[in-house]
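Reader: I would like to learn how to read the features of a structure like the one shown below, going one feature at a time. Could you give me the general idea first and then the case in hand?

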Amino acid sequence: MTKLSPLQNLDPEATLILDGNAQVKGKNLAASKLCQHCHHNEAAALLPVNTRALVKACLDQQRAIESVESRVADCILLWTFIPAPDTGEVIARGRNATEEIQARDEAARASRLYRLITENTTDLISRHAPDGQFIDATPASWRLLGYWPEELRGKPLEDIFRGTGVSQQLEETRRQLRDDGYATMTLNITHRDGSKRWFEIASRAIRETYTGAVIEVVSVSRDITARVESEENNRRLADELAHTARLATLGELASSIAHEMNQPLATIVNFASASQRYLKQARDNPDCLDRVDDGLQRITHHANRASEVIKRLRAFLRKGQKRTAPIAVNDVITNVARLCQWDAEKHGITIREQLADPGPVITADPVLLEQVLINLIRNGIDANIESANERPSRITLTTTVTGARETLIQVTDQGPGLDDEGLRQMFTPFYTSKPQGLGLGLSMSRSIIEGFGGFLDAARTEQGGLTLTCRFPPATSSRHKPVHITETPPHD
């Protein structure tokens, strides 16, 4: 065994002396410790498997060969082979590079994963300076914005994200990033090719460790144009369905409409004829003029009543955006009850009102709310008819304000009720127990009530009928006065 010099024994790196056949002739203290660390008694086991070829190349070429890797158990060693031409030996110096190589491999894997994600993701990932200028972007920028990453670098956000109100949204987002470190926004922008796009952008601020100042912003931008257009189409379809339902309901209420209009018109004709007669007698009997004046007042009253009926029906049929406002619920109940009364009376059904005092106020679209209540009342009428009870029956309309300040509108019938399966399915679209029904009325009614922030549900009564309950959240404070629906004057 070749004896190493004291200097080599002080070397912190493992040193082996190899002959021309790659046999170990000596080792320093660091090599012995490395053997123990790697759980090997023989130092030769620490060397690369091709050590013989490396030694020969080192001696033949008279040059050092560096960074040759060997793996022993869970250790990764790096060796350098240095020729000693005077003795024909080779000095092999090795070190434990396990942590260094593992970190390098992990970084390489992370880099490959990052490239894989950034080069293939459909979302745009971008880095920005605090003022919004692009620092870098992924290749998705070409598809989403019409710019290659190289074109974006150094450009302000306002130059790329162009559209109505975009500048204000970007300024608000900068404020949120500064205060909260995170922000999301939805932008309607103009693509480089001139097309309109909807973007959903989530951004996070990168802060300086000690001062907390924003030094960079990372954003992920997603094109949600297809989703927004789909939602808009769904809204339009819902409006069309709602309008169709209003037309269908109007057809079912034809008798009620005829009665509502015939009553004031017939009264107008009677008072007009009487006024004509009194007017002819006025020359001989001046007192008749007082009767003419009274008749004209009554004609005016009933003409206004007919006008209100027409206005209500026109509002019921009108298409357009929902217009929500604070509404006096009791007024709506009374109005709808009068509209449905004639249809109910034909079948010996009485509509009874039990209204809270003071009357509750909710925020809703009065036309859509009337539509819901008409649907519920007509369902109650059909249920009462289905029960085939010869005695007079009734439908009860109730308004209540709970201790939690919720407003309840309840429609209770005396029909046969539903079993458990019927209760579960009754609000499902196209589910119906009526031979001529479409099964859309209750489903659409629940959707409308939910659109007001409320909920529509049903429960059996102790007598076997059903109670349909519209539940509305507590009314928020408003500077606007509630809308009072004009009541139809009572029948003469």
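Author: Let us begin with the handedness of a helix pair: a crossing is called left-handed if the near helix is turned anticlockwise from the far one by less than a right angle, and right-handed if it is turned clockwise. Please keep in mind throughout that this is a predicted model.

Reader: In which hand does α13 pass α15, and at roughly what angle do the axes of these two helices cross?

Author: The crossing of α13 with α15 is left-handed. The axes of α13, which spans residues 366–386, and of α15, which spans residues 441–451, come within 10 Å and cross at roughly 145°. On the α13 side the meeting residues are Leu368, Leu369, Gln371, Val372, Asn375, Leu376 and Asn379, and on the α15 side they are Gly441, Leu442, Ser445, Ile448 and Ile449. Sorted by class, this contact has 7 nonpolar and 5 polar residues, with no charged residues.

Reader: How is a helix read when part of it is buried, and which residues of α3 are buried?

Author: A residue counts as buried under 20% relative accessible area and as exposed over 50%. In α3, residues 51–61, the buried ones are Thr51, Leu54, Val55, Cys58 and Leu59. Because these residues cover an arc of only 125° around the axis, they lie on the same side of α3. Arg52, Lys56 and Asp60, on the other side of α3, are exposed. The cover over the buried residues of α3 includes β1, β3 (65–72), β4 (75–84) and β5 (89–96). Just after α3 comes Gln62, which takes a positive phi of about 50°.

Reader: Where does His40 lie, and why does it count as partly exposed?

Author: His40 is found in the loop between α2, residues 29–37, and α3. It counts as partly exposed because its relative accessibility is 32%, a value that falls between the limits for buried and exposed. Leaving aside neighbours within four places in sequence, His40 is in contact with Cys35, Ala45, Leu46 and Val72.

Reader: Turning to sheets, what order do the strands take in the open sheet of 5 strands?

Author: The order is β7-β6-β10-β9-β8, with antiparallel pairing. The edge strands, β7 (134–137) and β8 (182–190), each pair on one side only. From one strand to the next, the twist averages 25°. Helix α8, residues 166–180, packs on this sheet, where it touches β8, β9 (196–207) and β10, and its direction makes about 165° with that of β8. Within the sheet, β6 (residues 124–128) and β10 (residues 214–223) pair in the antiparallel sense over 5 bridges, and Leu124 has Ser221 in β10 as its bridge partner.

Reader: How should I read a hairpin, and what is found between β1 and β2?

Author: One looks at the pairing of the strands and then at the residues that link them. Strands β1 (residues 14–18) and β2 (residues 24–27) run antiparallel and are joined by 3 bridges, with Lys27 in β2 as the bridge partner of Leu16. This hairpin has 5 residues between the strands, and Ala22 takes a positive phi near 70°. The hairpin of β16 and β17 likewise has 5 residues between the strands, and there Gly464 takes a positive phi near 105°.

Reader: Why is β17 described as largely enclosed, and which strands pair with it?

Author: Strand β17, residues 466–472, is largely enclosed by the rest of the structure because 6 of its 7 residues are buried. It pairs in the antiparallel sense with β16 (residues 455–460) over 6 bridges, and Leu456 stands opposite Cys470 in β17. The pairing of β15 with β17 is antiparallel too, over 6 bridges, and in it Thr407 has Phe472 as its bridge partner.

Reader: Is Thr407 buried or exposed, and what does it touch?

Author: Thr407, which is placed in β15 (residues 407–412), is buried, with a relative accessible area of 4%. Not counting residues up to four places away in sequence, Thr407 touches Val329, Pro360, Val361, Ile362, Thr400, Val401, Cys470, Arg471 and Phe472.

Note on methods:
Residues numbered from 1 in each chain as written. Predicted model: local features only at pLDDT ≥ 70, side-chain atom pairs only at ≥ 80, totals over all residues. Heavy atoms only, no water. Axes fitted to C-alpha atoms, helices over the stretch in contact; angles between N-to-C directions. Helix = DSSP H or I, 4+ residues; strand = E, 2+ residues; numbered from the N terminus. Contact = heavy atoms within 4.5 Å. Nonpolar A, V, L, I, M, F, W, Y, C, P; charged D, E, K, R; others polar. Buried < 20%, exposed > 50% of the residue type's maximum accessible area, 1.4 Å probe, protein only. Pairing = 2+ DSSP bridges. Arc of directions from axis to C-beta.
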